[in-house]
Amino acid sequence: MEDPPFRPEMDDAVTITNQVQALQNMVEEMWASHDSNRPDISMVRRRLKDIYPEKSRSITERVIMMMEKYAANLEIKVDERTAELQIEKHKADQLLHRMLPRAVAEKLKQGKVVNAELFDTVTVYFSDVVSFTNLCGDSTPMQVVAFLDDMYTMFDSIIESYDVYKVETIGDAYMLVSGLPDRNGKQSCRLK
């Protein structure tokens with residue numbers, strides 16, 4: 001028998017938890033040279049229960065604890081996914097409102113049927129950039145995109161103060177209507 005007996009080294013350089021530190025201390029006490037300095041088995045059991053309280057519980061208690069942890073994690077995930085869903089729903093609503101008049105979009109979202117209607121007084125406005133083809137030939141694609149973006153942004157800011165609905169922008173064409181889908185009588189003829 002070796003004197004002193006072989007003891008493996010316990011690496012102190014590693015980041016350890018309180019549980020691991022307490023376990024290391026108990027192992028070192030169990031390595032004591034004299035029997036009287038070593039903890040007996042009942043003391044070891046008590047200390048292990050203190051170090052790992054979740055292991056000392058019954059199987060039912062452990063299952064319930066695991067279910068509670070799972071439920072808490074599930075609630076967090078549900079909250080995260082609900083927030084993501086709300087963001088995506090908002091994006092979808094914005095896209096729908098860009099494509100359709102607000103009143104029509106709201107009816108469709110509610111699952112209602114949107115019937116075709118006849119409008120007696122409606123103003124339709126089309127605009128087109130003169131010599132757009134020549135402009136495109138003399139400009140880079142990014143210059144054309146920037147020009148159209150600036151122009152449509154300006155148009156959009158102007159029409160906000162009027163009772164109009166932007167139907168479409170395709171290339172250099174810009175289309176507005178007034179008096180549709182909300183009737184506004186003879187005012188629909190006044191676009192500035």
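## Helices α1 and α2

In this predicted model, the residues Q19, A22, L23, M26, E29 and M30 of helix α1 meet V44, R47, L48 and I51 of helix α2. By class, the residues of this contact divide into seven nonpolar, one polar and two charged.

Helix α1 covers residues 18-30 and helix α2 covers residues 41-51, and their axes come within 10 Å while crossing at roughly 165°. Because angles over 145 degrees count as roughly antiparallel, α1 and α2 are therefore roughly antiparallel to each other. The crossing of α1 and α2 is left-handed.

## Helices α3 and α4

Helix α3 (residues 59-99) and helix α4 (residues 102-109) form another helix pair, whose axes come within 8 Å and cross at roughly 130°. The two helices, α3 and α4, are therefore oblique to each other, and their crossing is right-handed.

On the α3 side the contact is made by D93, L96 and H97, and on the α4 side by R102, A105, E106 and K109. The residues of the contact of α3 with α4 divide into two nonpolar, one polar and four charged, whereas those of the contact of α1 with α2 divide into seven nonpolar, one polar and two charged.

## The three-stranded sheet

The strands of the model include an open sheet of three, arranged in the order β1-β3-β2 with antiparallel pairing. Strands β1 (123-127) and β2 are the edge strands, each of them pairing on one side only. Neighbouring strands of this sheet are turned against each other by 15° on average, with direction ignored.

Helix α6 packs on the sheet and touches β1, β2 and β3, and the direction of α6 makes about 10° with that of β3.

Strands β1 and β3 run antiparallel and are joined by five bridges. In this pairing V124 has V177 of β3 as its bridge partner, and S127 stands opposite Y174 in β3.

Strand β2 (residues 165-170) likewise pairs with strand β3 (residues 173-178) in the antiparallel sense, over five bridges. Here Y165 has V177 of β3 as its bridge partner, while K166 stands opposite L176 in β3.

## Confidence in the model

The chain averages a pLDDT of 81, and 90% of the residues score at least 70. Confidence is lowest in β2, where the mean is 80, and highest in helix α6 (residues 141-159), where it is 89.

Notes
Residues are numbered from 1 along each chain as its sequence is written. This is a predicted model: local features need pLDDT of at least 70, side-chain atom pairs count only at pLDDT 80 or more; totals for chains, interfaces and linings use all residues. Side-chain values use heavy atoms; hydrogens and water are left out. Two strands pair if DSSP finds at least two bridges between them. Helices (H or I, at least four residues) and strands (E, at least two) are DSSP runs, numbered from the N terminus. pLDDT is the predictor's confidence in each residue, from 0 to 100. Axes are lines fitted to C-alpha atoms, for helices over the stretch in contact, and angles run from 0 to 180 degrees between N-to-C directions. Angles under 35 degrees count as roughly parallel, over 145 as roughly antiparallel, 65 to 115 as roughly perpendicular and the rest as oblique. A crossing is left-handed if the near helix is turned anticlockwise from the far one by less than a right angle, and right-handed if clockwise. Contact means heavy atoms within 4.5 Å. Ala, Val, Leu, Ile, Met, Phe, Trp, Tyr, Cys and Pro count as nonpolar, Asp, Glu, Lys and Arg as charged, and the others, Gly among them, as polar.
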